[in-house]
Amino acid sequence: MYLRLFSRIFSAMAGPRPVVLTGPSGAGKSTLLKMLMKEYEGVFGFSVSHTTRDPRPGEENGKDYHYVTREKMTEGIANGEFIENAEFSGNMYGTSKASVQDVQAKNLICILDVDIQGVKNIKKTDLNPIYVSIQPPSMQILEQRLRDRQTETEESLQKRLEAARLDMELSKEPGIFDLVIINDNLEDAYGKLKDVLVDEIAKVQEANKS
């Protein structure tokens with residue numbers, strides 16, 4: 001029922017197509033997003049996800065995530081306030097309807113950073129986003145990137161690597177993504193990301209001139 005209701009809400013909202021960005025932790029999504037937001041200021045709006053995990057050093061509530069209690073998030077999910085949600089490493093994550101609507105209402109391209117389950121849930125709606133998967137060159141390189149962060153316990157690291165293996169396999173399935181980017185060179189990856197978004201970027205820039 002909630003997904004059908006949400007579909008009607010999005011159908012009624014005009015504006016540029018959102019972008020659903022997914023990929024394993026450590027694949028480079030955050031870096032590419034920061035580059036995109038810096039070059040195209042006033043074009044993109046980031047859909048801030050909710051999570052029950054604790055903030056990492058330097059992260060800000062309301063900017064990186066909305067940090068909430070498990071009780072509050074469970075209540076929000078039960079009330080149909082989320083388009084997608086998932087649990088990973090004992091923590092809950094989700095994208096609220098309000099966070100997407102806030103961005104679309106400003107005539108900005110809404111960026112949704114979700115996991116593969118979130119992608120499948122969004123495909124059940126009429127949101128009609130551009131689906132992009134960011135993948136690492138290999139599991140070995142991904143593991144090294146995650147270890148270099150020094151933010152994971154060995155147990156949580158292994159869970160992330162297992163999730164990454166599944167993510168990499170699913171990214172190869174035809175018809176799920178509009179574009180799969182192998183991030184083995186940051187500038188090349190960024191160029192490919194811009195290319196798939198060029199039409200929507202132009203629409204927003206043109207609308208901002210009028």
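A pocket here is an open set of points on a 1 Å grid over the protein atoms alone, with protein on both sides within 12 Å along at least five of seven lines, where a 1.4 Å probe fits; lining residues have an atom within 4 Å of a point. Volumes are the space filled by probe spheres set on the points, which are joined across faces, edges and corners. The model is predicted, so local features need pLDDT of at least 70 and side-chain atom pairs count only at pLDDT 80 or more, while totals for chains, interfaces and linings use all residues. Residues are numbered from 1 along each chain as its sequence is written, and side-chain values use heavy atoms, with hydrogens and water left out.

On that basis, the largest pocket comes out at about 1600 Å³. Its lining runs to 48 residues, and those closest to the centre are Ser25, Lys29, Ser30, Tyr65 and Asp113. Helices (H or I, at least four residues) and strands (E, at least two) are DSSP runs numbered from the N terminus. At least two lining residues come from each of α2 (29-39), β5 (82-88), β6, α5 (116-122), α6 (139-149) and α7 (154-170), with α2 giving the largest share, at six. Sorted by class, the lining holds 17 nonpolar, 14 polar and 17 charged residues (nonpolar being Ala, Val, Leu, Ile, Met, Phe, Trp, Tyr, Cys and Pro; charged being Asp, Glu, Lys and Arg; polar being the others, Gly among them).

Turning to α7, this helix has 17 residues and reaches 25 Å from first C-alpha to last, close to the 24 Å expected at 1.5 Å a residue (1.5 Å times one less than the number of residues). Its buried residues (under 20% relative accessible area, with a 1.4 Å probe and protein chains only; exposed is over 50%) include Leu157, Leu161, Ala164 and Met168. Among the elements covering them are β1 (19-22), β5, β6 and β8 (130-135).

Beyond its neighbours within four places in sequence, methionine 92 is in contact (heavy atoms within 4.5 Å) with residues including His50, Arg70, Met73 and Ile77. Methionine 73 sits 19 residues away along the chain, with the two C-alpha atoms 7.9 Å apart.

Aspartate 54 is another story: this residue is exposed, with a relative accessible area of 64%, in the loop between β3 (50-51) and β4 (66-67). Its C-alpha atom lies 37 Å from that of aspartate 199, 145 residues apart along the chain.
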